[in-house]
Amino acid sequence: MKIGLIGYGRMGRLVEARAQARGHQTVVIATSRDAERTAEELAGRLQGCSVAVDFSVAHAVLRNIEACARARVPLVEGTTGWNERLPQAQAILDERGGAMVYGANFSIGANLFYRIVAHAAKLIAPFSDYAPFIEEAHHAGKRDAPSGTALKLRALLAPHWPAEISIAATRAGHIPGTHRVGFDSTDDQILLQHEARTREGFAAGALLAAEWIVTKQGGCYEFSELIDRIIEERGKRS
Ligand SMILES: NC(=O)C1=CN([C@@H]2O[C@H](COP(=O)(O)OP(=O)(O)OC[C@H]3O[C@@H](n4cnc5c(N)ncnc54)[C@H](O)[C@@H]3O)[C@@H](O)[C@H]2O)C=CC1
Ligand SMILES: O=C(O)C1=N[C@H](C(=O)O)C[C@H](O)C1
C-alpha cells in the first residue's frame, strides 16, 4: 500500500515503522505544518495514496475526512476527541462516496475488553446494588480527557444504567493507556482492566484496518465491526 500519514507524532511514526516492516510505503506525511490547508488542498497532497491513516488532532478530523473523500483515498481514522461530530463525518462520506474505518482504540485487546465489559454489564445490571464507574490513565502528552476508549466504555454501560456514569482521568508520565471498569456494591467490588503495555497494539490494529479498508469503495465502519467479523470467522474455524 502507498500510505498517506496525517499526523506524524507518537502514533504516526509507529504506524510508519510497522507499515514499512510489512512491505508498505509512506508516500505523504501531513503534520501541523499543513494545519492551514483546506480540505481541497490536502486532497491534492493525498492524490496517489492507496490509503490514509490519521492520528492527529480532533479539530482537524472533519477536514481530514473531507480531504480523503475528495481524493478518493480510504481512511483509517484513529484520532480521538471528535465523537460528537460523527454525524457530520458520515454526511461528508455519504455526499462524496468516501470510505472510513474509525475507532477510539485500535488494539485487539481493548476491543475484546469492550465485549467483556458489555457482557459484564448485562450480567450485573439486574443486581441493583451495583453501581458502575470508569477510570482511565494516560501519558502527560494526551490532549483529550476523558479518553475516546473511556467514552466508548461508557456508551456500552449506559443502556443498563440511566444515571450519569463517572469517568476519572489521570494524565501522568508515559502511560500508554489503561482503562478500568468497576462495579461497586455495599459488600464488594468487581474490577475489570485493560492495560496497554506499549503503543504497538494500536499501530498493529490501525494497519489491519488499513489493509481492510483499502479494498472498500465507500462506507463508514467502526473498527469493532471488523473485530466482530474476525471473531465470527475464527469461531467458524475452531
Ligand atoms: N485509536 C487509537 O487506537 C489511538 C488513538 N490515539 C489518538 O491519536 C491522536 C494522536 O495521538 P499521538 O500520536 O499520541 O499525538 P502526537 O501529539 O504525538 O501527534 C499528533 C500529530 O498531529 C500533527 N498535527 C497537529 N495538528 C495537525 C493538523 N491540523 N493537521 C495534520 N496534522 C496535525 C502533529 O504535527 C503531530 O505530528 C490523539 O487523538 C490520540 O488520542 C492515540 C493512540 C491510539
Ligand atoms: O492518546 C493516546 O495515547 C490514546 N488514545 C486513545 C483513547 O483516547 O482512548 C487510545 C489509547 O488509550 C491511547
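Predicted model: local features only at pLDDT ≥ 70, side-chain atom pairs only at ≥ 80, totals over all residues.

Reply: One may begin with handedness: the crossing of α5 and α6 is right-handed. The residues of α5 in this contact are Ala110, Tyr114, Val117, Ala118 and Ala121, and those of α6 are Thr149, Lys152, Leu153, Leu156 and Leu157. By class, eight of the contact residues are nonpolar, one is polar and one is charged.

Me: At what angle do α5 and α6 pack?

Reply: Helix α5 spans residues 108-124 and helix α6 residues 148-157; the angle is about 30 degrees, and the axes are 9 Å apart. Angles under 35 degrees count as roughly parallel, and α5 and α6 are therefore roughly parallel to each other.

Me: How do the axes of α5 and α8 cross?

Reply: Helix α8 covers residues 223-237, and its axis comes within 10 Å of that of α5, at a crossing of roughly 85 degrees. The range from 65 to 115 degrees counts as roughly perpendicular, so α5 and α8 are roughly perpendicular to each other.

Me: Which residues of α5 and α8 meet?

Reply: Ile108, Asn111 and Tyr114 of α5 meet Phe223, Ser224 and Ile227 of α8. Four residues of this contact are nonpolar, two are polar and none is charged.

Me: Which residues does UniProt list for the N-terminal domain?

Reply: An unreviewed UniProt entry lists residues 1-91 as "domain: Dihydrodipicolinate reductase N-terminal". In the model, this span is 41% helix and 20% strand, and its end C-alpha atoms lie 27 Å apart.

Technical notes: Residues numbered from 1 in each chain as written. Chains lettered and ligands numbered in written order. Axes fitted to C-alpha atoms, helices over the stretch in contact; angles between N-to-C directions. Helix = DSSP H or I, 4+ residues; strand = E, 2+ residues; numbered from the N terminus. Parallel < 35°, antiparallel > 145°, perpendicular 65-115°, else oblique. Left-handed = near helix turned anticlockwise from the far one by under 90°. Contact = placed C-beta atoms within 7 Å. Nonpolar A, V, L, I, M, F, W, Y, C, P; charged D, E, K, R; others polar. UniProt positions renumbered as here; feature names shortened; annotations may be inferred.
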